[in-house]
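The structure comes first, then the points by topic.

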Amino acid sequence: MSGSHLSVDRERCIGAGMCAMTAPALFDQDADDGLVLLLYTEPPAVHRAAARMAAGVCPSAAITFHEPEAGHP
C-alpha cells in the first residue's frame, strides 16, 4: 500500500476542471454535471506530484491529498 490517499468533496466542486487538466490520470469530470470524478483514491507513486499539484490548484479546495510523514509507512 502506498500510504498516499486522495479524496474529493463533490459538494464543494465548482466544475472548473483544473484537476482533470493537471492530473488527467487521476481525475475526470462528470459528463452530466461537470463535477470532479476521482479515478484513484491511492495514486501510484508516479502520479503523486500531479495529485499534490491538483489539490493545490483546485479553486474550491474540493481535493484533499494525504501523504504519510517522511519515514512512516
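Patches are made of residues with over 30% relative accessible area and no salt bridge; like charges are joined within 9 Å, and nonpolar side chains (Val, Leu, Ile, Met, Phe, Trp, Tyr) within 5 Å. Accessible areas come from the Shrake-Rupley method with a 1.4 Å probe, and for residues only the protein chains shown count as cover. By that rule, Met18, Met21, Met53 and Val57 make a nonpolar surface patch of about 380 Å². Helices α1 (18-22) and α2 (48-57) are the elements that give two or more residues to this patch.

This is a predicted model: local features need pLDDT of at least 70, side-chain atom pairs count only at pLDDT 80 or more, and totals for chains, interfaces and linings use all residues. Residues are numbered from 1 along each chain as its sequence is written, and side-chain values use heavy atoms, with hydrogens and water left out.

**Elements and exposure**

- Helices (H or I, at least four residues) and strands (E, at least two) are DSSP runs, numbered from the N terminus.
- Buried means under 20% relative accessible area, exposed means over 50%, and partly exposed lies in between (1.4 Å probe, protein chains only).

**Salt bridges**

- A salt bridge is a side-chain nitrogen of Lys or Arg within 4 Å of a carboxyl oxygen of Asp or Glu. Side chains of opposite charge can pair when their charged atoms come close.
- The whole structure holds 3 salt bridges.
- Arg10 pairs with Asp30 at 3.9 Å, N to O. Arg10 lies in the loop between β1 (5-8) and α1, and Asp30 in the loop between β2 (27-29) and β3 (36-38), so the pair ties together parts 20 residues apart in sequence.
- Asp30 is buried at 18% relative accessible area, whereas Arg10 is partly exposed at 30%.
- Asp33 also meets Arg10 in a salt bridge, at 3.0 Å, N to O. This pair links distant parts of the chain, 23 residues apart: Asp33 is in the loop between β2 and β3, and Arg10 in the loop between β1 and α1.
- Asp33 is partly exposed, with 40% relative accessible area.
- Arg52 and Glu67 form a salt bridge at 2.8 Å, N to O. Arg52 is in helix α2 and Glu67 in the segment after β4 (63-66), a link between distant parts of the chain, 15 residues apart.
- Arg52 is partly exposed at 41% relative accessibility, and Glu67 is partly exposed at 39%.

**Interior**

- On a 1 Å grid over the protein atoms alone, a cavity is a set of points where a 1.4 Å probe fits but cannot get out; lining residues have an atom within 4 Å of a point. Grid points are joined across faces, edges and corners, and a volume is the space filled by probe spheres set on the points.
- The count is 1 cavity of 30 Å³ or more. The largest cavity has a volume of about 80 Å³.
- Its lining has 15 residues, and the closest to its centre are Cys13, Ala16, Gly17, Cys19 and Cys58.
- By class, the lining has 10 nonpolar, 5 polar and no charged residues. Here Ala, Val, Leu, Ile, Met, Phe, Trp, Tyr, Cys and Pro count as nonpolar, Asp, Glu, Lys and Arg as charged, and the others, Gly among them, as polar.

**Backbone**

- Ala61 has a positive phi, near 55°, in a residue other than glycine. Most residues other than glycine have a negative phi.
- Ala61 is in the loop between α2 and β4, and is partly exposed at 41% relative accessible area.

Terms used: On a 1 Å grid over the protein atoms alone, a cavity is a set of points where a 1.4 Å probe fits but cannot get out, and a pocket is an open set with protein on both sides within 12 Å along at least five of seven lines; lining residues have an atom within 4 Å of a point.
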